[in-house]
Amino acid sequence: MTAQQQTLYLLAGTAGVLVFATLVGQVLRWRFAARGQGDNPVIVNLNARIYAWWVMVGLMGAAFVFGKTGVIVLYGLASFFALREFITLTPTRRGDHVALLVSFFIVLPGQYLLVADEQYGMFAIFIPVYAFLILPILQALSSDTNRFLERSAKVQWGLMIAVYCISHVPALLLLHIPGYEGRNVLLIAFLIIVVQMSDVLQYVWGKLFGRHKIAPELSPSKTVEGFAAGVSTASALGGALWWITPFGVWEAAGMALIICVMGFLGGLVMSAIKRDRGVKDWGHMIEGHGGMLDRLDSVCFAAPIFFHLTRYFYTA
Amino acid sequence: MIERLVAALITGFARLVTGAQARWIGCGPSGEQRIYYANHSSHGDFVLIWTALPAALRARTRPVAARDYWDTGELRRFLIHRVFRGVLVERGADPRTKDPLVPLIDALDRGDSLIIFPEGTRNTEEEMLPFKSGIYHLARQRPGVDLVPVWIENVGRVMPKGQVLPVPLLCSVNFGAPIRLQQDEEKQAFLDRARLAIVELRKGP
């Protein structure tokens, strides 16, 4: 199979899943409306989520059509919106202004330009070394020492999560895997499909069979049943998608399992930050889902690990 | 023509950088005449309120701004007169010789709505400053106009006083329930009540 054929099958399969989800959503809506519960919040939210999925899948598909540039621009924008949400919820002071300007207008585009230029070495250390050292210098130069460590740590965290981690998705294009040349876009598709289907399946199984809450203080909607069934079905889906990856069936399932577990735990960490700041959602950008970070929290934690495992074990 | 293009550019830019989300908490967007009064921490403030208003209301809502800042230089003059259609007031004028509120009353009598910042200057502290008395005199002279409290969240962080480049942060504009001057209400009591209405909005819906 050529890469084009594989992409085509993948798109057809994704569209099929979305059509199915849309039908289920509409049937549920009719049935609840017939019982006079047309405004049931779970159903309204479900349909808003499905609609948003069409938009997100459409954007991903469009980005793939434009190839490397499209993917870099898409994830660069996602990083921008994610960082904006993160910093919005983080109390910063006037003394942080220059550091924030540098984060948004130099570090963020710089990181994605390094991906575009295929500078792996610099890409890997740009934020953990250069930004890590230079931003607190800028903050110190403002001579505002009020809550200094807290403020500099928060800017660092925002950059690491929203820019560094997310940039590992398009960075998958940099990997040179023998026998897999020209197909790296499918590696991105594999990661995103597994991570997002893991979230969706955990939500669906949790709503259907969920009884025991897994972390009631952090995320009241996550259940043990949803987690176990969601992660195992999403890992099985990952195994079934082995034909778009450089992995064998079991390797693909194993990778998917790691992606799902990291995604789940990442979701818990990001929930902890939200609870700490006293909010339920990061933003309101994506109807039914919340903000950009609500949709990408699991990607943030899964992408770098997936990138480095693949790089360590599969590149020449 | 060019004015409308510049206005569209400014509101578009404000949306891109801040999201400019309007939350109508105590009242809805309505065409009736109003005085919007808000906390003030940045030059971005009235731009954000202006952006958050629906276009039809925006066309009839004029920001009140200080003449000594805006009437200097071609660009500022163009922006404040032609684009924002601002009402300029004299700061520090002697009220015994010249009533600084005359242009505001004139604008109200023409049917326009106003955006005012009763703190009087851009505030760099967390807490709002005490209100100047202008809002009380407006309410006394035009008692039939609703005063809508507005809390602008985050703009002070987007562009703090003294900075030129904005940091993109999500901002929201919370509109509260309208107030009016009550019969026999003392000046200070009214100013405190008006200020408290904004403080309440700060907590969100």
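Where is the place of Glu118(A)? The legends below take up this residue and several other sites in turn.

This is a predicted model, in which local features need pLDDT of at least 70, side-chain atom pairs count only at pLDDT 80 or more, and totals for chains, interfaces and linings use all residues. Residues are numbered from 1 along each chain as its sequence is written, chains are lettered from A and ligands numbered from 1 in the order in which they are written, and side-chain values use heavy atoms, with hydrogens and water left out.

View 1. Glu118(A) sits in the loop between α4 and α5 (120–141) of chain A, where helices (H or I, at least four residues) and strands (E, at least two) are DSSP runs numbered from the N terminus. Although Glu118(A) is not a glycine, its phi is positive, at about 55°. Its side chain meets that of Lys68(A) in a salt bridge (3.1 Å, N to O), a term that stands for a side-chain nitrogen of Lys or Arg within 4 Å of a carboxyl oxygen of Asp or Glu.

**View 2. A salt bridge between Lys274(A) and Asp294(A).** The side chains of Lys274(A) and Asp294(A) meet in a salt bridge (2.7 Å, N to O). Lys274(A) lies in helix α9 and Asp294(A) in helix α10 (residues 292–314) of chain A, 20 residues apart, and the pair thus links distant parts of the chain. Lys274(A) counts as buried at 7% relative accessibility, and Asp294(A) is buried with a relative accessible area of 8%.

**View 3. Helix α8 of chain A.** This helix (residues 224–240) has 17 residues and reaches 24 Å from its first C-alpha to its last, close to the 24 Å expected at 1.5 Å a residue, the expected span being 1.5 Å times one less than the number of residues. Its buried residues include Gly226(A), Gly230(A), Val231(A) and Ala234(A). Among the elements that cover the buried residues of α8(A) are α7 (184–209) and α9 (249–277) of chain A.

**View 4. Where chain A meets chain B.** The contact (heavy atoms within 4.5 Å) takes 15 residues from chain A and 20 residues from chain B. The area buried between the two chains, that is, the accessible area (1.4 Å probe) that two parts lose on being put together, summed over both, is about 1400 Å², of which carbon and sulfur atoms give 61%. In chain A, Arg84(A), Arg94(A) and His97(A) lose the most area to chain B, together 43% of what that side buries. The count of salt bridges between chain A and chain B is 0.

**View 5. Two sites in chain B.** Asp184(B), in the loop between β7 (172–175) and α9 (187–202) of chain B, has a positive phi of about 60° although it is not a glycine, and it counts as exposed at 77% relative accessibility. Elsewhere in chain B, Arg67(B), Asp71(B), Glu74(B), Arg77(B) and Glu90(B) are linked in a network of salt bridges.

Methods. Buried < 20%, exposed > 50% of the residue type's maximum accessible area, 1.4 Å probe, protein only.
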